[in-house]
Amino acid sequence: MGSRVSREDFEWVYTDQPHANRRREILAKYPEIKSLMKPDPNLKWIITVMLLVQLASFYLVKDLDWKWVIFWSYVFGSCLNHSMTLGIHEISHNFPFGHHKALWNRWFGIFANLPLGVPYSVSFKRYHMDHHRYLGADGIDVDIPTDFEGWFFCTTFRKLVWVVLQPLFYAFRPLLINPKPITSLEIINTVIQIIFDIIVYYVFGVKSLVYMLAASLLGLGLHPISGHFIAEHYMFLKGHETYSYYGPLNLLTFNVGYHNEHHDFPNIPGKNLPLVRKIAAEYYDKLPQYNSWIKVLYDFVMDDTVSPYSRMKRPPKGNEILE
């Protein structure tokens, strides 16, 4: 468990990300893909049902023994809350109401945020747009780990700890890499979330509140679905910075596993990404891909050639327009 990784720095590259060029090529060859660039109104109902199911689970766990509260928070609540974060990812791309109703999407994101227990939605939108525009850009893309993460989490055991604590690193990393001025919507997101948490405590009790928060912490840490955090952009094969996953967990994650397709066409909702792959199969079938997020987690922890440093990183060009 003490094996030390061989990487001592990020994989610095000086070329543009591949997604814009591939998008132009595919659209020139298959212009019908433009018909997939439309909102997904079903997201409103799917996410609302998910929230109601989680509210019902708050009631069901309120009188359980603590061991069962934690058990169900990992087995059930974590899956639902992680899936909700990926619903918020869909919302950040304005898929429920479309780009012409951007503010409606922001409010719906605040609504979807409620069962997570911590304010997340509005801030995620701001940083996620930078991730798409400037993939891997030093000091801009906060999906890239800090130098401290790469330096310190350099053994098998420490990498396991890093995986467990992923939600904390994702929460605090933006403040260190690319802090942005707080917006009024972020304040509203925070106030509404605190009020909701207080209501959960007074209506259901402390066990339901702990269940909610533990579901988010556990679901975004050492959890099968969390394999997508590493599978998406960590460089297991030299020269490849984005990877797709085509396994069954896409059913719980709004097809976030179709990640090459998503970065190529960030204005196509998750439900249509399998059609992108089907139409332009010759572009995607030849790219490295995964069939198991659990294996991704195992390989990340156990492979001494992979660490938080295993990311392709670019120096910024200086003309970036940030969200």
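Buried means under 20% relative accessible area, exposed means over 50%, and partly exposed is in between, with a 1.4 Å probe and protein chains only. Keep that in mind for Arg 106. Arg 106 has 11% relative accessibility, so Arg 106 counts as buried.

A word on what we have here. This is a predicted model, where local features need pLDDT of at least 70, side-chain atom pairs count only at pLDDT 80 or more, and totals for chains, interfaces and linings use all residues. Residues are numbered from 1 along each chain as its sequence is written, and side-chain values use heavy atoms, with hydrogens and water left out.

Back to Arg 106. Arg 106 sits in helix 4. Helices here are DSSP runs of H or I, at least four residues, and strands are runs of E, at least two, numbered from the N terminus. What does Arg 106 touch, leaving out residues up to four places away in sequence? The list is Ile 91, Ser 92, Asn 94, Lys 125 and Leu 185. A contact means heavy atoms within 4.5 Å.

Now a second residue, Val 210. Val 210 belongs to helix 10. With a relative accessible area of 27%, Val 210 is partly exposed. Beyond its neighbours within four places in sequence, Val 210 contacts Trp 66 and Ile 70. Val 210 and Phe 58 are 152 residues apart in sequence, yet 9.7 Å apart in space, C-alpha to C-alpha.

Next, the cores. A nonpolar core is a set of buried Ala, Val, Leu, Ile, Met, Phe, Trp, Tyr and Cys residues joined through side-chain atoms within 4.5 Å. The largest has 46 residues. Which residues have the most contacts inside it? They are Ile 47, Met 84, Trp 162, Val 163, Ile 230 and Phe 300. Among the elements giving two or more residues to this core are helix 2 (42-61), helix 3 (66-92), helix 4 (102-113) and helix 15 (293-302). Apart from this core lies another, of 15 residues, including Leu 27, Tyr 30 and Tyr 246. Not counting residues up to four places away in sequence, Ile 47 touches Met 84, Gly 87, Ile 91, Phe 108, Ala 112 and Phe 254.

On to pockets. On a 1 Å grid over the protein atoms alone, a pocket is an open set of points where a 1.4 Å probe fits, with protein on both sides within 12 Å along at least five of seven lines; lining residues have an atom within 4 Å of a point. The largest pocket holds about 1,300 Å³ of space. Its lining has 42 residues, and Pro 119, Tyr 120, Phe 124, Tyr 170 and Ala 171 are the closest to its centre. That lining divides into 23 nonpolar, 13 polar and six charged residues.

The second largest pocket has about 320 Å³. Of its 18 lining residues, Asp 16, Gln 17, Tyr 134, Arg 314 and Lys 317 are the closest to the centre. Helix 1 (residues 19-29) gives the largest share of that lining, three residues.

Last, the UniProt record. An unreviewed entry places "transmembrane region" at spans including 43-62 and 103-122. Such annotations may be inferred rather than shown by experiment. Residues 43-62 are 95% helix and 0% strand, with end C-alpha atoms 29 Å apart. Residues 103-122 are 65% helix and 0% strand, and their end C-alpha atoms lie 11 Å apart.

Definitions and conventions
Grid points are joined across faces, edges and corners, and a volume is the space filled by probe spheres set on the points. Ala, Val, Leu, Ile, Met, Phe, Trp, Tyr, Cys and Pro count as nonpolar, Asp, Glu, Lys and Arg as charged, and the others, Gly among them, as polar.
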